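Here are a few exercises to work through with the model open beside you. Try each task before you read its solution.

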Amino acid sequence: MTSQQDFICSQLSSIELLRSMFFGEGELLMEDTDLNAIANLQSAVDGGIAIEPSTIPSCVNMTLAVPVGPDSLGMHVSFPLMNANTDLIHPHPTITIKPPSWLDRRSYDRLSSDLSTELLSPNTEASDIDLIMMATEWLRDHAASYRVATSSSAHASPAESAGGFVRVWCYLPSLSSREKRLDLITYAQHYKLTGFITPGKPGIVCVEGAESNVNSYFNDIRTISWSDIPPAHKKMSERHRERDTRDIEDCRAFSDITEVNFDLHGARGNRNNLAQLESFLREHDLHHAFAIVFTDLQ
């Protein structure tokens, strides 16, 4: 067995152990693509079949739900599957946390930084599982204290510090990943944005709120939620940006952020009915945006 396959065997064992530890509903989430990759690799290992390097994904990902008082915190874990001997890939999993709605950006950044410091300092020899458990335990014990620092400002209006109102429309050729769709919703809640997400083909992201919050939202989506996606595959294009000088709350067309689909059909059941989408926009007095977002249909 090659060193590459030894490394994959070790990673598969760690992943299987985590799945046995976090077996409750919603405690551990994985995309179908990651589950299929694990199954294929495990089948090759069990059958003594040499694994072609070209068939090995760079990593597999999961999200653990860490309870923090009455709330929870999404902890993203990315297991590398590349050769452990290369200097370009850290052998340990990459551990990051997803911005929760109950922390402001400054507290979230401080929590992320402190978690990284906690994991890196004395634990270079710790096993993958040990590091992940250290992270979950540290977050359970400490994350709630970061909320205290934001409690006095949690109810401040975004307009006080985050610029004027904008509504941004983004187009995606396809939006299917359940985890990424959930991130689009939860990150928006974190920044007090409203709007809607449409999965399938095409995918639509429409968010509205304070402009600096919207800009930070899309930056977090691209650099945190989509950090495991190759740049060439991050196909989200901004099609339209509306501004208004009135009070932010008076400009909103939506009261919250939700996922909406429109009579999904087609061979894979993932194509939206654009006529229904157009009607939906008309109901919210946003029909003008349809022709702008779908310029290719004109």
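## Exercises on a predicted model

Lys 192 is partly exposed, with a relative accessible area of 39%. The model is predicted, so keep that in mind as you go.

**Exercise 1.** Find where Lys 192 and Asp 285 lie, and describe their phi values.

*Solution.* Start with Lys 192, in the loop between helix 5 (178-190) and strand 6. Its phi is near 60°, a positive value in a residue other than glycine. Next, go to Asp 285, in the loop between helix 8 (274-283) and helix 9 (288-293). Here phi is near 55°, again positive in a residue other than glycine. Finally, check accessibility: Asp 285 is exposed, because its relative accessible area of 67% is over the 50% cut-off.

**Exercise 2.** Locate the cis peptide bond that joins Lys 201 and Pro 202.

*Solution.* First look in the loop between strand 6 (194-198) and strand 7 (203-210), where Pro 202 is found. Then read omega for the bond between Lys 201 and Pro 202: about -10°, a cis peptide bond. For background, most peptide bonds are trans.

**Exercise 3.** Which residues of the largest nonpolar core touch the most other members?

*Solution.* Begin with the core's 43 residues; Met 62, Leu 73, Met 75, Leu 111 and Leu 139 touch the most other members. Then see which element gives the largest share: helix 4, with nine residues. Now zoom in on Met 62: leaving aside neighbours within four places in sequence, its contacts include Ile 15, Leu 18, Met 75 and Phe 79.

Terms used:
Residues numbered from 1 in each chain as written. Predicted model: local features only at pLDDT ≥ 70, side-chain atom pairs only at ≥ 80, totals over all residues. Heavy atoms only, no water. Core = buried A, V, L, I, M, F, W, Y, C linked by side-chain atoms within 4.5 Å. Buried < 20%, exposed > 50% of the residue type's maximum accessible area, 1.4 Å probe, protein only. Helix = DSSP H or I, 4+ residues; strand = E, 2+ residues; numbered from the N terminus. Contact = heavy atoms within 4.5 Å.
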